Amino acid sequence: SSALAEVSGTLRYLNLSHLYHIQHLDSTMFSTTLKLLSLSLAHNRLTILPDNIFMGLSSLLTLDLSHNPIRANFKELFHYTQRLKVLRLAHTNLLSLPSLPLPGLHHLDISSNLLSTLETFSLESLTQLRELQLSSNRLENLPAHCWRFVPYLKSLNINLNPIRVLTKESFYGLHRLQELSVQDLPNLTRFDADSLTQLTYLSNLKIQSWPKIEKFKFCLCSVISGLASLKSLSAKILEPSHILTDQILGAFGPKLKEIEITGPLTAVTLDAFEGVENNYELLLAIRNTKISSLPDGFHKMFKNIVHFSLNIRDNQFQSIPPEILYGNTTHWEHTGAKALQGEANAGAGAEAGANTAK
């Protein structure tokens, strides 16, 4: 504690992350920093934490313990941090989530652990939770039995879990959810078309295609099409054909403003975005693919969109012929891109942005 003695009275933010060698903290380490608001101990070698290590930190709002092999009595550990809003416990070798007596917690990150399930008592005291990071665990099923305890949850990430089935019941109770990331689920065998229909406030969705699921049991566009509040869609296309065709047709709701397409694609068909022309504003990003060209007349699919931006960074383009983006030379001169930037090297990306006023 003497290390902080001279600044303890005014210290608000303390970052001790990425030192890699801190293995032990004395129980009196923070006894004099009573006004500390944010503390990061991430990326160290902390194992056993004394139950009273945070005893003086009643004002603490943010705590990051991620990337430490921690063994602790979490119920006692957080007994003195009742005002905590953000808690990060990623990469801490958690086998189960203990009861956390933090009724005011808004953000909880327990990603990259060894969780195979969440018990009811794990979330029942987190009634104000807004964001939950569950990616990179061992969940085979979503803990739908717990959602009733987090009625204000707005953001959920379940990527990189061995989840097998997603149905309407998987998300029952998440009526206020606005952001959902559901990608890289290698064991998924069932994803019902109506799984997300009850998420009436969902505005930001990250999803993918699952070609291993039989077509009559799963259709990406069917899962998305009923989401009237959707504003941002990121879709990873993993079809064996490596072609974007009809995977997201019918998914273009009236509020949709951003579409991101990624995956090992090599081509895009001319009608892949049919139906999007009714949107007033759109940012289309086709990124991190193997696409080296777009079909002639590509611009025709977006000719009725008043404000249209195109991002084709990080692909395989070496050149972009004008006929892809414009009908003729006159069209280029009157409605040409206000900005065109990128690298001309082989395999490098290019970005084109166009704002046109009709």
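Figure 1. The structure, a predicted model, holds 0 disulfides.

**Figure 2. Surroundings of the buried residue Leu202.** Leu202 belongs to the loop that runs between strand S10 (190–191) and strand S11 (204–208). Its relative accessibility is 0%, so Leu202 counts as buried. Apart from neighbours within four places in sequence, the contacts of Leu202 are Leu177, Gln178, Glu179, Leu180, Leu227, Ser229 and Leu230. Lys231 lies 29 residues from Leu202 along the chain, and the C-alpha atoms of the two are separated by 8.4 Å.

**Figure 3. The largest nonpolar core and the residue Phe298.** The largest nonpolar core comprises 100 residues, and those touching the most other members are Phe30, Leu205, Phe273 and Phe298. At least two residues of this core come from each of helix H1 (74–77), S11, helix H3 (220–225), strand S12 (232–236), strand S14 (258–262), strand S16 (281–286) and strand S17 (307–312). When residues up to four places away in sequence are not counted, Phe298 touches Val268, Leu270, Phe273, Leu284, Ile286, Leu310 and Ile324.

**Figure 4. An aromatic cluster that includes Phe298.** The structure holds 10 aromatic pairs. One aromatic cluster is formed by Phe252, Phe273, Phe298, Phe302 and Phe308. Among its members, Phe273 and Phe298 are also listed with the residues that touch the most other members of the largest nonpolar core.

**Figure 5. Parallel pairing of strands S14, S16 and S17.** Strand S16 pairs with S14 in the parallel sense over 4 bridges. The pairing of S16 with S17 is likewise parallel and extends over 5 bridges. Towards S17, Leu283 has Ser309 as its bridge partner. In a regular strand the side chains alternate between the two faces of the sheet.

**Figure 6. The salt bridge between Arg164 and Glu140.** The structure holds 4 salt bridges. In one of them, Arg164 is joined to Glu140, with the closest N and O atoms 3.9 Å apart. Arg164 is in the loop between strand S7 (155–157) and strand S8 (165–166), whereas Glu140 is in the loop between strand S6 (131–133) and S7, so the pair ties together parts that are 24 residues apart in sequence. Arg164 counts as partly exposed because its relative accessibility is 41%. Glu140, at 39% relative accessibility, is partly exposed as well.

**Figure 7. The salt bridge between Asp184 and Lys236.** The side chains of these residues meet in a salt bridge with an N to O distance of 3.0 Å. Because Asp184 lies in the loop between strand S9 (179–181) and S10 and Lys236 in strand S12, the pair ties together parts that are 52 residues apart in sequence. Asp184 has a relative accessibility of 27% and therefore counts as partly exposed.

**Figure 8. The salt bridge between Arg287 and Glu260.** The N to O distance in the salt bridge formed by the side chains of Arg287 and Glu260 is 2.4 Å. Arg287 is placed in the loop between S16 and S17, and Glu260 in strand S14, so the pair ties together parts that are 27 residues apart in sequence. At 22% relative accessibility, Arg287 is partly exposed.

How values were computed:
Residues are numbered from 1 along each chain as its sequence is written. This is a predicted model: local features need pLDDT of at least 70, side-chain atom pairs count only at pLDDT 80 or more; totals for chains, interfaces and linings use all residues. Side-chain values use heavy atoms; hydrogens and water are left out. Buried means under 20% relative accessible area, exposed over 50%, partly exposed in between (1.4 Å probe, protein chains only). Contact means heavy atoms within 4.5 Å. A nonpolar core is a set of buried Ala, Val, Leu, Ile, Met, Phe, Trp, Tyr and Cys residues joined through side-chain atoms within 4.5 Å. A disulfide is a pair of cysteine sulfur atoms within 2.5 Å. Rings of Phe, Tyr and Trp (its six-membered ring) pair if their centres lie within 6.5 Å; planes under 30 degrees apart count as stacked, over 60 as edge-to-face and the rest as tilted. Two strands pair if DSSP finds at least two bridges between them.
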